[in-house]
Amino acid sequence: MSPRAGHAGHPARTLAFVESPVQLLNVLEWAHLHGLHSTDPDGLPSVPTQIRRTVAGVNPAAGAELTVVVLSPTDPMTRGQLRRMADLARDEGYRVRWEEARGGTTAPFHTIGGLAGPLRRADRIVMGDPFSRYVQLLLTITRARDLVVVDDGTATMEFVAQLARGERLVRWHRKGGRPGARDLLFAPVSSSARRRLTPSDRRRVEVFSSMPVTETPEGVTVTANDFAWTRARFGPPRITKGADMVGTSLVETGVVDGDRYLEAVRNLAKAHGATRYFAHRRESTDKLHRLAVETGLEIVRPDLPLELIARRGPIGRTILSFPSTVVHTLPLALAGTGVRVAVCDIDPTWLTDTASPRAQGFLSGVTGTARDVHRLAAVSLA
């Protein structure tokens, strides 16, 4: 989907809503591919130097201005990474609007009220998380004819599959459980969002993803994200001889047992000589402290998404991971560097009693559909 003309005399206005650093990274990748540009404070279109230099053959005058709206979470690690990503977006010439969307009881009302006008004027809405209640609520306001979903990790695979099957939008690790009171109260908004995300004569939908899409909904345009902006902007990295490990929040989301996870990390690190552990932004401080003490790994809290950290380097010649988004994204970001990504399966015995019935199958699918990775058997827990 290329940028299209907006209203007479105006460039197409694009609003992007992000709630995580990875979502913002993928908005930048999408904008890079489509040759979008910003608008100067006086309202005149401007094309960032980086876009002019790296998007050969794209006509910026095709016209689209991009404003990135950050619906800021409360988690300090996520906020820190988002601020760094917001700086990168500004460096590329895009406008960034930071919203303290969760800063107290009245914050959502102020945020939604302040965005109502831009939402109604927008020609295109880009979102990183169609499962977000915040985003679903905002979708009820917009009149935009073009809707774009950029990657929010493995959840994108589930979103596309649910849209293709006409199912209600539910995150994969919650599917199978009984809806709570808040779910039932929000159901009409969620249903409205699903209808708006279904292509029609009046609405076009694009999915921009580096994840495998096996069930494409009728009328949805799927565009591949190959991390061209990341590779053009950063690196190539310095490669070290050892191995690095990538953390996961499967314990925090209640899918994997904490003790089993710690034991698996210890055995995997020992078997492959890993020395560093890149923590997921949602991993708890207590869990990470325990990992450091009991495994001897150096815990690294990245200040940017791992795709950018790895591309900047230094990074190990082997990157070890459990099933997660990075087994799909890192091979793309590190293409041509010689770094090997190895993924370790999740043994069914590691799952908690409260894990979704679909958890094992979904995680196996994440691993099995990954390209250019070395697959490891689940490590033995003595």
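Student: What volume does the largest cavity have?
Tutor: This is a predicted model. Rolling a probe the size of a water molecule over the atoms shows where empty space is left. By the rule used, the count comes to 1 cavity of 30 Å³ or more. The volume of the largest cavity is about 30 Å³.

Student: Which element gives the most to the lining of the largest cavity?
Tutor: The lining includes Asp129, Phe131, Val149 and Phe159. Two elements give two or more residues to it: strand E7 (146-150) and helix H6 (155-165). The most, 3 residues, comes from H6.

Student: How many residues of the lining of the largest cavity are nonpolar?
Tutor: Pro130, Val150 and Ala155 are among the lining residues. By class, 2 are polar and 2 are charged, while the nonpolar residues number 6.

Student: What kind of aromatic pair do Phe131 and Phe159 form?
Tutor: The structure holds 4 aromatic pairs. In this one, the ring centres are 6.3 Å apart and the planes stand at 85 degrees. Planes over 60 degrees apart count as edge-to-face. So the pair of Phe131 and Phe159 is edge-to-face.

Student: How many residues apart are Phe131 and Phe159?
Tutor: Phe131 is in the loop between strand E6 (124-127) and helix H5 (133-139), and Phe159 is in helix H6. Both Phe131 and Phe159 are buried. The pair links distant parts of the chain, 28 residues apart.

Student: Is Trp229 buried or exposed?
Tutor: Trp229 forms an edge-to-face pair with Phe234, at 5.9 Å centre to centre. Buried means under 20% relative accessible area. Trp229 has 1% relative accessibility, so Trp229 counts as buried.

Student: Which residue has its charged end over the ring of Phe234?
Tutor: Phe234 is itself buried, at 10% relative accessibility. The charged end over its ring sits 5.4 Å from the ring centre and belongs to Arg233.

Student: Where does Pro236 lie?
Tutor: Most residues other than glycine have a negative phi, and most peptide bonds are trans. The bond joining Gly235 and Pro236 is cis, with omega about 5 degrees. Pro236 is found in the loop between helix H8 (228-233) and strand E10 (239-246).

Student: What phi does Phe227 have?
Tutor: Phe227 lies in the loop between strand E9 (221-224) and H8. Phe227 is buried, with a relative accessible area of 1%. Although Phe227 is not a glycine, its phi is positive, at about 60 degrees.

How values were computed
Residues numbered from 1 in each chain as written. Predicted model: local features only at pLDDT ≥ 70, side-chain atom pairs only at ≥ 80, totals over all residues. Heavy atoms only, no water. 1 Å grid on protein atoms, 1.4 Å probe; cavity = no way out; pocket = protein on both sides within 12 Å on 5 of 7 lines; lining within 4 Å. Points joined across faces, edges and corners; volume = space filled by probe spheres on them. Helix = DSSP H or I, 4+ residues; strand = E, 2+ residues; numbered from the N terminus. Nonpolar A, V, L, I, M, F, W, Y, C, P; charged D, E, K, R; others polar. Buried < 20%, exposed > 50% of the residue type's maximum accessible area, 1.4 Å probe, protein only. Phe/Tyr/Trp six-rings, centres within 6.5 Å; stacked < 30°, edge-to-face > 60°. Lys NZ or Arg CZ within 6 Å of the ring centre and 35° of its normal.
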